[in-house]
Amino acid sequence: MIVLPTEAFQDYVEHPQVRRMYLTDVGFFPRARDHYRERKEGIEEYILIYCTEGSGVIWVEGREYQLHPNEAFCIPRFKGHRYWASSEDPWSILWVHFKGEDTKFYPLEKEQVVKMISSNASNRMMFLFELMFKVLDGNYTLGNFIYISQALSLILAEIYEREKRDSTQEQNRHVTNVVRYMYRHIYENITLESLSREFELSRSYLNAIFQKYTRHSPMDFFINLKMKEACKMLRSSEMYIYEIAQKLGYSDQYYFSRIFKKVVGMSPKEYKNSDYFHYKE
């Protein structure tokens, strides 16, 4: 554990490159059995805890959060809290107390557990903390204060700003599951709200990932699936157009025809009587 005597170096702390982000305490507690800390009124610094192994619990004003390997949590300033290591599998934690003008640019008040998904991300976290420890072993110069400030900013950026690479896999999984659901319910009427409830995802998130991977909104994508199905039915059955419309969930045949023409490029009747087997993307 290292306590930085910032009071003795107030001129450094007020430097434009330091006051933006600076630490007051930092440390590493390996396999911290029986580790317990409580501050009923909180403190004036933010407390960042990064778990490298084992597990523990963080309690902040009535809510508990489990912390596991490669997970980080920031305790907001001036909030009563306590935290402790698991008795069965005590955690090893890197931690830092910090404050500064730039803290407002990070979601430090949200009380959220952030998972560092990839091994590269956890390696970078260890590397950045090691950088700070090495610098703190040296002299208390303005240059070192600036360096530590930059390293601390990188740690927060790694946690809160850097894109999580495995999020692509999660987004693909969500899109795949929603598309499969659409196929299973292609003869029904689905809304964005019903999809949001079914998959417990926000409408804005659904729109974002569909635009990213399909270049369509979820509902436009669903309409395209319906029109593909309509094309198959027009070619492979003797059903009337109004019957196909009803089967696909359209009570108004003329509205269905307008949608079909907009998506396919011709009316259902023209499509049925033509040699056209595809529709415009």
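Two strands are said to pair if DSSP finds at least two bridges between them, where strands (E, at least two residues) and helices (H or I, at least four residues) are DSSP runs numbered from the N terminus. The model described here is predicted, so that local features need pLDDT of at least 70 and side-chain atom pairs count only at pLDDT 80 or more, whereas totals for chains, interfaces and linings use all residues. Residues are numbered from 1 along each chain as its sequence is written, and side-chain values use heavy atoms, with hydrogens and water left out.

In the sense of this definition, β5 and β6 pair in an antiparallel manner over five bridges, with Gly-56 standing opposite Leu-67 of β6. The two strands form a hairpin with two residues between them, and Glu-61, which lies in the turn, has a positive phi of about 45°. Strand β5 is also joined to β8 by five bridges, again in an antiparallel arrangement, and within β8 the bridge partner of Trp-59 is Arg-82. These strands belong to an open sheet of four strands, which follow the order β3-β8-β5-β6 with antiparallel pairing. Because β3 (36–39) and β6 (63–67) stand at the edges with a single partner strand each, one side of each is left without a neighbour in the sheet. From one strand to the next the twist averages 10°, the angles being taken between N-to-C directions, from 0 to 180 degrees, of axes that are lines fitted to C-alpha atoms. The partner of β3 is β8 (residues 81–85), to which four bridges join it in the antiparallel sense, and Tyr-36 stands opposite Trp-84 of β8.

Burial is described by relative accessible area, with buried meaning under 20%, exposed over 50% and partly exposed in between (1.4 Å probe, protein chains only). Four of the five residues of β5 (residues 56–60) are buried, so this strand is largely enclosed by the rest of the structure.

Aromatic contacts form a further group of features. Rings of Phe, Tyr and Trp (its six-membered ring) pair if their centres lie within 6.5 Å, and planes under 30 degrees apart count as stacked, over 60 as edge-to-face and the rest as tilted. The structure holds 19 such pairs, one of which is the tilted pair of Phe-9 and Phe-145, with 5.7 Å from centre to centre and 45° between the planes. Since Phe-9 lies in the loop between β1 (2–3) and α1 (10–13) and Phe-145 lies in helix α3 (residues 142–160), the pair ties together parts that are 136 residues apart in sequence. Phe-9 counts as partly exposed, at 22% relative accessibility, whereas Phe-145 is buried, with a relative accessible area of 5%. The pair of Tyr-65 and Phe-73 is likewise tilted, because the ring centres are 4.7 Å apart and the planes are at 40°, and both of these residues are buried.

The charged end of Arg-82 sits over the ring of Trp-59, 4.1 Å from its centre, and that of Arg-235 sits over the ring of Tyr-271, 4.7 Å from its centre.

How values were computed
A charge sits over a ring if NZ of Lys or CZ of Arg is within 6 Å of the ring centre and within 35 degrees of the ring normal.
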